[in-house]
Amino acid sequence: MPNDFDVECMRLALDEARVGAESDDVPIGAVVVANGQVLASAHNQREATGDPTAHAEVLALRAAAEKLGTWRLDDCSLYVTLEPCTMCAGALVLARVERLVFGAWNAEMGAVGTLWDVVRDRRLNHQPEVVAGVLADECSASLREFFAAKRDSG
């Protein structure tokens, strides 16, 4: 169940998503938090960098690990505006993220229950807590508006 802090952090992730949209990247934002403090935030940068792995989640996890000086993000929560894909779900499991909070469901690539459930797979050595649907309508609207504008301009 989401709490007020979850909503506040998801709003930060939405702000990051908007930054990505300004540089023509799909508006997905992510924030990593530990002990009530934001460690890192990022937005998709695939278009900006030409890097297929430059998803918001991966970039935020990298920045948080660098800040902490360790790849183990055991005490961290990852907030992201869209249900992670298989790559990002795998990355957060490998980073030992304690808690995943996401906004919109991802019907095309979702790997936290929609198409696959990577994060809850008992065969893996870590399963984070999952809170889904936080500000889902706002997160979905951001994506819908971005793609509608793309269709209208193309």
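Buried means under 20% relative accessible area, exposed over 50%, and partly exposed in between, with a 1.4 Å probe and protein chains only. By that definition, 49% of the 154 residues of the chain are buried. This is a predicted model, in which local features need pLDDT of at least 70 and side-chain atom pairs count only at pLDDT 80 or more, while totals for chains, interfaces and linings use all residues. Residues are numbered from 1 along each chain as its sequence is written, and side-chain values use heavy atoms, with hydrogens and water left out.

**View 1. The whole chain and its order of elements.**
Five helices and five strands make up the secondary structure of the chain. Helices (H or I, at least four residues) and strands (E, at least two) are DSSP runs, numbered from the N terminus. Read from the N terminus, the order is α-β-β-α-α-β-α-β-β-α. The radius of gyration is 14 Å, close to the 15 Å of the globule rule for 154 residues, so the chain is as compact as a globular protein of that length. That radius is taken over C-alpha atoms, and the rule is 2.2 Å times the number of residues to the power 0.38. Along the principal axes, the C-alpha atoms fill a box of roughly 45 × 30 × 30 Å. Contact means heavy atoms within 4.5 Å. Among contacts in the chain with a separation of 6 or more, 57% join residues 24 or more positions apart.

**View 2. The surface and the charged side chains.**
The accessible surface of the chain is about 7,900 Å², and carbon and sulfur atoms hold 50% of that area. Accessible areas come from the Shrake-Rupley method with a 1.4 Å probe; for residues, only the protein chains shown count as cover. The chain carries 14 positive and 24 negative side chains, and the centres of the two sets are 4 Å apart. Lys and Arg count as positive and Asp and Glu as negative, while His and the chain ends are not counted. Each charge is placed at NZ of Lys, CZ of Arg, CG of Asp or CD of Glu.

A nonpolar core is a set of buried Ala, Val, Leu, Ile, Met, Phe, Trp, Tyr and Cys residues joined through side-chain atoms within 4.5 Å. The largest one has 47 residues, and Val32, Leu73 and Leu100 touch the most other members. Helix α3 gives the largest share of this core, six residues. Beyond residues up to four places away in sequence, Val32 touches Gln37, Val38, Leu39, Ala40, Ala60, Leu61, Ala64, Cys76, Ser77 and Leu78.

**View 3. Ala17 in helix α1 and Thr81 in strand β3.**
Helix α1 covers residues 4–22 and includes Ala17, while Thr81 lies in strand β3. Ala17 is buried, at 0% relative accessible area, and Thr81 is also buried, at 2%. With neighbours within four places in sequence set aside, Ala17 contacts Pro27, Ile28, Gly29, His43 and Thr81. Ala17 and Ala107 are 90 residues apart along the chain, and 18 Å separates their C-alpha atoms.

**View 4. Asp6, also in helix α1.**
Asp6 belongs to helix α1 and is buried, with 1% relative accessibility. Not counting residues up to four places away in sequence, Asp6 touches Met1, Tyr79, Arg99, Val101 and Val134. Asp75 is 69 residues from Asp6 in sequence, and their C-alpha atoms are 15 Å apart.

**View 5. Helix α4 and Arg96.**
Helix α4 spans residues 86–94, and its buried residues are Cys88, Ala89, Gly90, Leu92 and Val93. Their cover includes α3 (56–68), β3 (76–82) and β4 (99–104). Arg96 is not a glycine, yet has a positive phi of about 65°. At 17% relative accessibility, Arg96 is buried.

Asp24 sits in the loop between α1 and β1 (29–34). Its phi is positive, about 70°, although Asp24 is not a glycine. Asp24 is partly exposed at 40% relative accessibility. Gln45 is in the loop between β2 (37–43) and α2 (46–49), and is partly exposed at 26% relative accessible area. Leaving out residues up to four places away in sequence, Gln45 touches Asp25, Gly50, Ala54 and Leu59.
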